[in-house]
Amino acid sequence: MFNLDTQKNLNILIQGIVQGVGFRPFVYRLAHECYLTGWVNNSAQGVHIELAGQETDIQTFLKRLLDEKPSHATITNIHSSWVARREYDDFTIRHSDNTGDKSAFIMPDLAICPDCLQDILDPNNRRYRYPFTNCTHCGPRYSIIHALPYDRIRTSMWHFKMCDACLMEYRNPLDRRFHAQPNACPACGPQIALWDCEGNTIALEDDALLFAADAIKQGQIVAFKGLGGFQLLVDARKKSAVQRLRELKKRPDKPFALMFPTLDMARSCCDVGLSESSVLQSSAAPIVLLKCTNPSLIADNVAPNNPYLGVMLPYTPLHVLLMQELNFPIVATSGNLSDEPICIDEYEALEHLATIADVFLVHNRPIERPVDDSIVQFVDGELQILRRARGYAPLSLELTDTLPTTLAVGSHLKNTVAITHNDQLFLSQHIGDLNNTKTNDVFLQEIDDFKRLYDLTPEQIVHDLHPDYLSTQYAQKTGLACYAVQHHVAHVLAGMLDNRIDDAVLGVAWDGSGYGTDNMIWGGEWFVVHDSTVERVAYLSPFALPGGDSAIREPRRSAMGALYAIYGENLFEDYDVPLFRTFTKNERDVLKMMLDKHINTPLTTSMGRLFDVVASILNLCQVSTFEGQAARTVEYKAMKSNSTENYTFSFEDSVLDWRPMIQQVVRDRIDRVSSATIARQFHNTLADMIVRVAGSVGEEKVLLTGGCFQNRLLTEIANKRLRQAGFTPYWHHRIPPNDGGIAVGQIMAVTHQIKLKERVVCA
Ligand code: ZN
Ligand code: ZN
Ligand code: FE
């Protein structure tokens with residue numbers, strides 16, 4: 001018998017990743033099992049529950065809620081309060097409440113789950129071979145949502161009317177598809193079609209899939225409308241097909257990502273450890289950089305001169321079905337033209353990809369926003385996200401303080417944007433390099449989209465210190481209060497949030513370039529962060545970049561600038577290294593004149609450029625076709641040596657003088673020391689530079705950040721040497737070390753009102 005006196009009502013708000021993961025059906029079942037009545041609904045703030053019943057039963061419910069929550073759910077906050085007694089006949093799932101603050105978290109897109117995989121492979125199942133099968137444990141989320149809360153009506157599935165069978169599943173709290181918003185079946189859901197380059201339909205449904213598979217088997221290029229945008233697919237074993245894709249896509253050297261039909265086949269080609277296989281098979285299903293162990297299985301132009309392959313497994317039912325037909329690895333690269341944004345609409349794709357693709361495998365489920373494939377690697381055995389997109393975006397992070405709604409517009413390359421709401425930060429997916437008008441349009445769309453999605457109106461805006469960045473110019477045109485944050489300070493602050501460091505740290509920020517407070521191009525910087533103050537404690541001795549921006553594309557120009565900083569005018573008489581021969585006599589004369597007279601030779605402290613210098617001296621890369629190419633050639637060369645030797649350098653008055661090191665590199669090159677040994681000793685020396693500065697500063701925590709620390713070898717050597725010297729190294733995990741993390745650092749700078757010693761960073 002109930003004692004009515006102990007009957008109570010508890011109101012609960014649960015926040016975190018709790019929508020689109022089967023949370024409400026779980027709450028429904030749990031409430032029934034605990035003999036409780038009341039209701040649950042989705043709101044824009046999270047999941048709301050009211051429980052009515054015995055207090056002990058309510059306590060049991062709360063304990064089991066935490067212990068048994070759905071596997072994809074992450075609870076960040078639970079607010080609960082006893083409320084006035086009210087009686088309910090039953091426990092029910094109520095309609096979503098879309099009023100009030102929009103602070104709910106949005107789920108990333110999830111790879112197909114084992115149950116749905118079984119459904120599409122079972123000839124007796126009504127979803128046999130149906131490419132849009134999903135449930136509350138898997139399927140599209142971020143790529144289809146256009147407003148909060150997450151309900152079918154506010155997704156791109158709204159115009160597909162569920163059939164009776166689907167509706168039954170959708171309404172049955174005990175079904176896996178209960179309130180699965182994109183729920184669909186062959187009778188009522190989206191369908192695929194195969195188009196030619198003019199948009200004429202060649203085949204429908206299963207035939208479309210089989211024809212597309214045939215096209216790939218014949219070496220053709222298929223434009224494939226995937227989850228978050230188009231991909232270009234081609235047989236990864238056929239060198240001529242891969243070459244044709246390279247030429248048409250105007251991408252001569254940059255590695256292509258691969259999709260393998262199965263984990264076993266990936267294993268036959270690459271080194272797949274336990275952590276690698278678990279992330280490959282995770283619901284994020286990213287591209288994982290794996291060491292290639294059997295290069296003969298893949299055409300050598302997929303990832304030229306690269307010891308790693310970017311590998312993913314099929315993550316949608318459509319990919320699964322296609323790969324089952326093929327049973328061989330394919331190149332699966334973003335459906336775009338060189339640096340343009342990834343296409344999401346089939347008509348837009350026809351326009352942009354018609355010169356590349358032979359056929360188009362399309363479908364009629366609209367994609368709300370471009371969500372590219374994510375890229376990850378393992379550094380010192382731990383996961384590091386290099387490109388945060390499908391499966392990981394959007395990211396929500398908790399800040400230590402509440403601040404007015406703030407928009408951060410990120411950097412120029414690998415742009416992402418971030419927006420805050422109270423003490424929450426939401427980081428967008430990877431948008432791309434803001435180099436052309438098309439990516440710039442996507443950048444503007446993404447900001448509008450992000451504001452609309454979370455229903456937030458920024459009160460202030462934070463941008464990079466660089467006056468010429470499109471993102472800076474956008475910020476300044478908004479008319480809102482603007483704050484500029486120095487690029488490398490933003491890198492350090494992003495790394496601090498990633499590692500939850502809130503006290504003092506030495507931040508080592510090394511990358512290609514960022515605008516310094518002295519108008520120089522920074523990129524080899526050491527900062528001490530302490531009590532909201534940042535001090536630039538060390539930097540590389542500056543050298544000239546003849547030609548400015550064109551030096552970024554031509555490592556040989558950086559090399560000329562660096563060698564000029566060592567040898568001065570004599571450089572042009574005494575030395576005959578290969579890089580000199582890549583210039584004509586006339587070009588050399590012009591370079592000499594520029595360096596002598598300081599014409600168009602901006603100064604830089606960039607470590608990325610110093611990598612270029614070594615790549616050029618070792619004749620590994622004189623002219624690059626994609627960002628970071630030259631630095632990678634040095635890293636890959638260094639992987640072939642085990643040398644533990646170092647070059648020398650000096651450190652005085654905050655200036656790290658690298659010139660003795662480069663002189664030794666030149667001498668070793670002339671003495672025919674192997675390039676691998678030289679490259680390895682260069683890496684060792686850089687790690688020593690970090691330890692030397694750390695020793696002089698005396699902070700125990702050392703954070704490695706910036707694009708240079710995508711270099712796994714460098715990070716691992718630095719970690720090791722730092723530990724040996726008694727320091728604790730930190731590096732990036734969830735937030736990319738590259739410019740994809742800048743927006744986070746910008747928000748952090750505003751949150752903590754960070755000041756660069758005697759010079760305001762946040763101005
Ligand atoms: Zn599923
Ligand atoms: Zn249906
Ligand atoms: Fe950077």
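# Metal sites and local features of a predicted model

Cys188 is buried, with a relative accessible area of 10%; buried means under 20% relative accessible area, exposed over 50%, and partly exposed in between (1.4 Å probe, protein chains only). This is a predicted model, in which local features need pLDDT of at least 70 and side-chain atom pairs count only at pLDDT 80 or more, while totals for chains, interfaces and linings use all residues. Residues are numbered from 1 along each chain as its sequence is written, chains are lettered from A and ligands numbered from 1 in the order in which they are written, and side-chain values use heavy atoms, with hydrogens and water left out.

Cys188 belongs to a metal site. Together with Cys163, Cys166 and Cys185, Cys188 coordinates the zinc ion (ligand 2) through SG atoms at 2.3 Å. Donors are N, O and S atoms within 2.8 Å of the metal (3.2 Å for Na, K and Ca); water is not among the atoms, so sites may look incomplete. The four donor atoms of the zinc ion (ligand 2) make angles of 104 to 116 degrees, and the site is tetrahedral. Four donors count as tetrahedral if all angles lie between 85 and 135 degrees; four count as square planar and six as octahedral if opposite donors are over 155 degrees apart and all others between 65 and 115; anything else is irregular. For four tetrahedral donors the ideal angle is 109.5 degrees. Along the chain, the donor residues of the zinc ion (ligand 2) follow the spacing C-x2-C-x18-C-x2-C. Cys185 has 1% relative accessibility and therefore counts as buried.

The zinc ion (ligand 1) is held by the SG atoms of Cys113, Cys116, Cys135 and Cys138, at 2.3 to 2.4 Å. Its site is tetrahedral, with angles of 102 to 120 degrees among the four donor atoms. The spacing of the donor residues of the zinc ion (ligand 1) is C-x2-C-x18-C-x2-C. Cys113 sits in the loop between β5 (91-93) and α3 (114-121), and Cys135 in the loop between α3 and α4 (164-171); the pair, 22 residues apart, links distant parts of the chain. Helices (H or I, at least four residues) and strands (E, at least two) are DSSP runs, numbered from the N terminus. Both Cys113 and Cys135 are buried.

What are the protein donors of the iron ion (ligand 3)? They are His487 (NE2), His491 (NE2), Asp511 (OD) and Asp739 (OD), at 2.1 to 2.3 Å from the ion. The angles that the four donor atoms subtend run from 86 to 171 degrees, which makes the arrangement around the iron ion (ligand 3) irregular. The sequence spacing of its donor residues is H-x3-H-x19-D-x227-D. His487 is in helix α13 (residues 487-498), while Asp739 is in the loop between β31 (728-730) and α24 (742-751), so this pair ties together parts that are 252 residues apart in sequence. His487 and Asp739 are both buried.

Arg390 is placed in the loop between β16 (382-387) and β17 (395-398). Its relative accessible area is 2%, so Arg390 is buried. Leaving out residues up to four places away in sequence, Arg390 touches residues including Asp109, Leu227, Tyr315 and Asp372; contact means heavy atoms within 4.5 Å. Ser396 and Phe426 are 30 residues apart in sequence, yet their C-alpha atoms are 4.5 Å apart in space.

Pro149 is in the loop between α3 and α4. Most peptide bonds are trans, and most residues other than glycine have a negative phi. Glu205 is not a glycine but has a positive phi of about 45 degrees. Glu205 is located in helix α5 (residues 205-217) and, at 45% relative accessibility, counts as partly exposed. Asp653, also not a glycine, has a positive phi of about 50 degrees. Asp653 is in the loop between β28 (650-652) and β29 (655-657) and is exposed, with a relative accessible area of 70%.
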